[in-house]
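Hi everyone, thanks for making time. I'd like to walk you through one structure today, so please have a look at it with me.

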Amino acid sequence: VQLQASGGGLVEVGDSLRLSCVVSGRIYSSHLVGWFRQVPGKERDFVAAIRWNDRRTYYDDSVKGRFTISRENAKNTVYLEMNSLKPEDAAIYYCGRANGYSTNWRSYGYWGQGTQVTVSS
């Protein structure tokens, strides 16, 4: 399984950004693809996840109502639409695959390379 994240960049407070995660290789219906973010010196924090078969979504409270995770079948791509960005959203964002629902990064066995999101105030 390979995941490739992209779409990060420099934005201003209140702006929007869409991250993409292309998933290749074996992925089964029960698997989840999740987005995490990490700042220097801290662990990787859960942001959102989507279950592959039924597209059930999960969000951290800090992003509910602002971020939307979705999946596009034809492109095997998971998106993270981020709106109303705040300075505290700045981080390196990673997408990962887990066998089942989890908000713990240790449960995700496969990761993309990360994409930097910078929010200027």
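So, let's start with a question: is Cys21 buried or exposed? Cys21 counts as buried, because its relative accessibility is 0%. By "buried" I mean under 20% relative accessible area, with exposed being over 50% and partly exposed in between, using a 1.4 Å probe and protein chains only.

Quick note before we go on. This is a predicted model, where local features need pLDDT of at least 70, side-chain atom pairs count only at pLDDT 80 or more, and totals for chains, interfaces and linings use all residues. Residues are numbered from 1 along each chain as its sequence is written, and side-chain values use heavy atoms, with hydrogens and water left out.

Okay, back to Cys21. It forms a disulfide with Cys95, and the two sulfur atoms sit 2.2 Å apart; the rule for a disulfide is a pair of cysteine sulfur atoms within 2.5 Å. The link ties together distant parts of the chain: Cys21 is in strand S3, Cys95 is in strand S9, and they are 74 residues apart. Strands here are DSSP runs of E with at least two residues, and helices are runs of H or I with at least four, both numbered from the N terminus. Cys95 is buried as well, at 0% relative accessibility.

Now for charges. Side chains of opposite charge can pair when their charged atoms come close. We call it a salt bridge when a side-chain nitrogen of Lys or Arg is within 4 Å of a carboxyl oxygen of Asp or Glu. How many does the structure hold? Five salt bridges.

One of them joins Arg37 and Asp89, with the closest N and O atoms 2.9 Å apart. Arg37 is in strand S4, Asp89 is in the loop between S8 and S9, and 52 residues separate them. Arg37 is buried at 11%, and Asp89 is buried at 0%.

Then there's Asp61 with Lys64, at 3.1 Å from N to O. Asp61 is exposed, with 61% relative accessible area. And shared partners join Arg37, Arg66 and Asp89 into one salt-bridge network.
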